[in-house]
Amino acid sequence: MEPALNLHARNFGATAPDTVRTLIVVLHGDGTPETRSDHYRFAEAATQSIPNSAAVALLRPGYGDAAGNRSPGQAGLGFGDDYTQERIDAIAESLGILRRRFASARLILVGDSGGAAIAADIAGIRPDLVDAMVLVGCPCALPEWRKGMQKQRHGAAWSTPVASLDPLKTAGGVMPGMRAAVLVGLDDKVTPPALSRAYAEALALRGIATDLRIVPGRGHDLLNDPEVLAATIRLATALPTKG
């Protein structure tokens, strides 16, 4: 009997795992359900656009949704303190279960905002779990992001050291066969484009196929923009099928 996921999940798309050729796993951003982009909506849209696909929208450790569902664990305080090894391990454990359950599917990990930082860290630490990733509004150069947020928000917590893993530091573990799409709004004041560009360049230097898109006229709430879905569809089309 396959173990249950340790995190709360909502499933979309195909229901028989052996018919699924593309599995999309979606990680939401930091903050409350009211303030972050709706990752359930994206998961559903992805399955409607990608043939033979299923999507699993996870709630990160300690987070809840608008319906009152919650994942076990402790959420961070929202100062970039939420991307720790312990929380990454909890998400990686769920990914491992999904990887085994959908054995004939390629796995695309989609992360929004703080979820993008975690997705990037997983790709670097546990590259066996992910075939491709889509990072949306990523605080991917963590110290630089926190410095910028401290200037904006003037909170001492932004300058307090955190145990979060910096995606730029874990990028060295991303495998050359990985494919990545990195998207950010040109007008994103929370995670400015320079952070996404720095991470995309780090991947490109490792020979990783990386599609960087800076979306004009858009801010931080980008997950449900058509550009993100289009980038995910391109990855699903480009990935080799599993034998």
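# A chat about loops, sheet and helices

Visitor: Hi! Where does Asn-52 lie?
Guide: Asn-52 sits in the loop between H1 and E3. Keep in mind that this is a predicted model.

Visitor: What's the phi of Asn-52?
Guide: Its phi is positive, about 50°, although Asn-52 is not a glycine.

Visitor: And His-154, what's its phi near?
Guide: Phi of His-154 is near 55°, again a positive value in a residue other than glycine. That residue belongs to the loop between helix H4 (142–153) and helix H5 (167–170).

Visitor: Is His-154 buried or exposed?
Guide: Exposed: the relative accessible area of His-154 is 67%, and the cut-off for exposed is over 50%.

Visitor: Let's switch to the sheet. In what order do the strands come?
Guide: The order is E1-E3-E2-E4-E5-E6-E7, seven strands in an open sheet with mixed pairing.

Visitor: Which strands stand at the edges?
Guide: Strand E1 (9–13) and strand E7 (209–215) do. Each has a single partner strand, so one side of each has no neighbour in the sheet. From one strand to the next, the twist averages 15°.

Visitor: Which residues of E2 are on which side?
Guide: Thr-22, Ile-24 and Val-26 are on one side, with Leu-23, Val-25 and Leu-27 on the other. Both faces are covered, and these residues are all buried.

Visitor: How many bridges join E2 to E3?
Guide: Six, and E2 runs parallel to strand E3 (residues 53–58). In E3, Ala-57 is the bridge partner of Val-26. The chain gets from E2 to E3 through helix H1 (residues 39–49), in a right-handed β-α-β crossover.

Visitor: And how many bridges join E2 to E4?
Guide: Six bridges link E2 with strand E4 (residues 106–112), and these two strands run parallel. On this side, Val-26 has Val-110 of E4 as its bridge partner.

Visitor: What about E5, how many bridges join it to E6?
Guide: Five bridges connect strand E5 (residues 132–136) and strand E6 (residues 179–185), which run parallel. Leu-135 has Val-182 in E6 as its bridge partner.

Visitor: Which strands does H1 lie across?
Guide: H1 lies across E1, E2, E3 and E4, and runs at about 175° to E3.

Visitor: Now helices H2 and H3. At roughly what angle do their axes cross?
Guide: The axes of H2 (residues 85–101) and H3 (residues 114–125) come within 10 Å and cross at roughly 75°. That makes H2 roughly perpendicular to H3.

Visitor: Which residues make the contact?
Guide: H2 brings Gln-85, Ile-88, Ile-91, Ala-92 and Leu-95. From H3 come Ile-118, Asp-121, Ile-122 and Ile-125. By class, the contact of H2 with H3 holds seven nonpolar residues, one polar and one charged.

Visitor: One more: where does Gly-78 lie?
Guide: Gly-78 is in the loop between E3 and H2. Its relative accessibility is 31%, so Gly-78 counts as partly exposed.

Visitor: How many residues apart are Gly-78 and Gly-114 in sequence?
Guide: They are 36 residues apart in sequence, while in space Gly-78 and Gly-114 are 9.0 Å apart, C-alpha to C-alpha.

Terms used. Residues numbered from 1 in each chain as written. Predicted model: local features only at pLDDT ≥ 70, side-chain atom pairs only at ≥ 80, totals over all residues. Heavy atoms only, no water. Axes fitted to C-alpha atoms, helices over the stretch in contact; angles between N-to-C directions. Helix = DSSP H or I, 4+ residues; strand = E, 2+ residues; numbered from the N terminus. Parallel < 35°, antiparallel > 145°, perpendicular 65-115°, else oblique. Contact = heavy atoms within 4.5 Å. Nonpolar A, V, L, I, M, F, W, Y, C, P; charged D, E, K, R; others polar. Buried < 20%, exposed > 50% of the residue type's maximum accessible area, 1.4 Å probe, protein only. Pairing = 2+ DSSP bridges. Right-handed = clockwise from strand over helix to strand, strands pointing away.
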